[in-house]
Amino acid sequence: MGFSNLANVALRLLFAVLILRYAYAGLGAFGTVFVFFFLSFVGVVKIFPVMYAFYTSRAGYYIKDFLHPRMEDRHSKCMPTNLPGITILPIAILADNYAYTIVCNETKKAVVVDAADPDVVLKSIPEGAELTHVLTTHKHWDHAGGNYELAQKFKGKIEVVGSEIDKPSATTYTVKDKDVLTVGNMRFDIHHGPGHTKGHVIYQLTSLATPTAMDEDKPRTALFTGDALFVGGVGAFFEGASSDLYTLYNLLHQLPAEAYVFCGHEYSFMLMSQAATLMPNNKLVLEKLQQIKAKRGLNQCTMPSTLAIERKTNPFLMLGKSFVEEAAKQNLPSQVIQEAMGNRNSFLHHEK
């Protein structure tokens, strides 16, 4: 950004602050809100960056239940998935979020992921299991909104884990890329997966349990991707530039193909429908969409997918590496990649 642009932004902000200050003095809080929206309408201030900054601040805690109300009814019926010696249970919370309870069957140590509705999550922990860690993929309140309550309830007995960049609410143990956390027979590798937020992390769970004969065909690893990766898509690029998305793209092409993918939201039908529109002749995409449609018709959870399937059906992972790399080298805005994901021409070579 050149000096003239910086000066222009600074003058606009100063002008807006002065107007809002005097508006509050003369009109009170409601009048100030009205003036703020008027300034946004005429282009003096941009409303989304201001509202997003408020939402992701500590002050956002006080509006989280309004924005992400806790529901009595569960949005999906969930079934457990097993790795050798480990049980993973998706938990339908809020309007369309998933939290996860992960239990080491031998040690009875339990870990939860993105426990934004603590009451529901705690009920999912099997009798006799001990909760030791709360893993948070990123700072947004529909993922981190239960951290404070859990930290207070289990004061000194659990660790609330989050990235050192995002610093999610009530974090007691910060992690960064390539850190490792071991709980019982569960190894969690932490991977920086930016784009949705600057500090978003993906937790890669690997079973350390000795496999039995029944475990021979089971994957030994699973990814908890939060809003970095969905079935058929990715989270909105709220904070990422193309360079961040290239980091995420590379990561998701390097991790084990057989890994289960457990996402943060039930967006599968919507996103795979969009993918089918982009690739109407792609048999794998159409088959995946029909499988998801059948599950959603029965109100069933569509987790997990696998990374192998996502690489063949997810528009973000199907973009050409050279395109994403060049966008990163030129430091282009993330919208360039987002637009490519919505352009059918980007996927013509995948039509078969």
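**Charged and aromatic contacts**

Modeller: Glu149 has a relative accessibility of 28%, so it counts as partly exposed; buried means under 20% relative accessible area, exposed over 50%, and partly exposed in between (1.4 Å probe, protein chains only). The model is predicted, so local features need pLDDT of at least 70 and side-chain atom pairs count only at pLDDT 80 or more, while totals for chains, interfaces and linings use all residues. Residues are numbered from 1 along each chain as its sequence is written, and side-chain values use heavy atoms, with hydrogens and water left out.

Glu149 forms a salt bridge with Arg70, their closest N and O atoms being 2.6 Å apart; the term requires a side-chain nitrogen of Lys or Arg within 4 Å of a carboxyl oxygen of Asp or Glu. This pair links distant parts of the chain, 79 residues apart: Arg70 lies in the loop between α3 (64-67) and β1 (81-83), and Glu149 in helix α6 (residues 147-153). Helices (H or I, at least four residues) and strands (E, at least two) are DSSP runs, numbered from the N terminus. Arg70 is also partly exposed, because its relative accessibility is 30%. A network of salt bridges links Arg70 and Glu149 with Lys64 and Asp65. Lys64 also lies over the face of Tyr61, 4.8 Å from the ring centre; for this, NZ of Lys or CZ of Arg must be within 6 Å of the ring centre and within 35 degrees of the ring normal. In the whole structure, 11 salt bridges are found. Among them is that of Asp189 with Arg187 (2.8 Å, N to O); Asp189 counts as buried because its relative accessibility is 13%.

Turning to the rings, the whole structure holds 12 aromatic pairs. Rings of Phe, Tyr and Trp (its six-membered ring) pair if their centres lie within 6.5 Å; planes under 30 degrees apart count as stacked, over 60 as edge-to-face and the rest as tilted. Tyr100 and Phe224 are edge-to-face, because their centres are 5.4 Å apart and their planes stand at 65 degrees. Tyr100 lies in strand β3 (residues 97-104) and Phe224 in strand β11 (residues 221-226), so this pair ties together parts that are 124 residues apart in sequence. Tyr100 and Phe262 are likewise an edge-to-face pair, at 5.3 Å centre to centre and 70 degrees between the planes. Phe262 belongs to strand β12 (residues 260-263), 162 residues from Tyr100. At 1% relative accessibility, Phe262 counts as buried. Ring pairs link Tyr98, Tyr100, Phe224, Tyr260 and Phe262 into a cluster.
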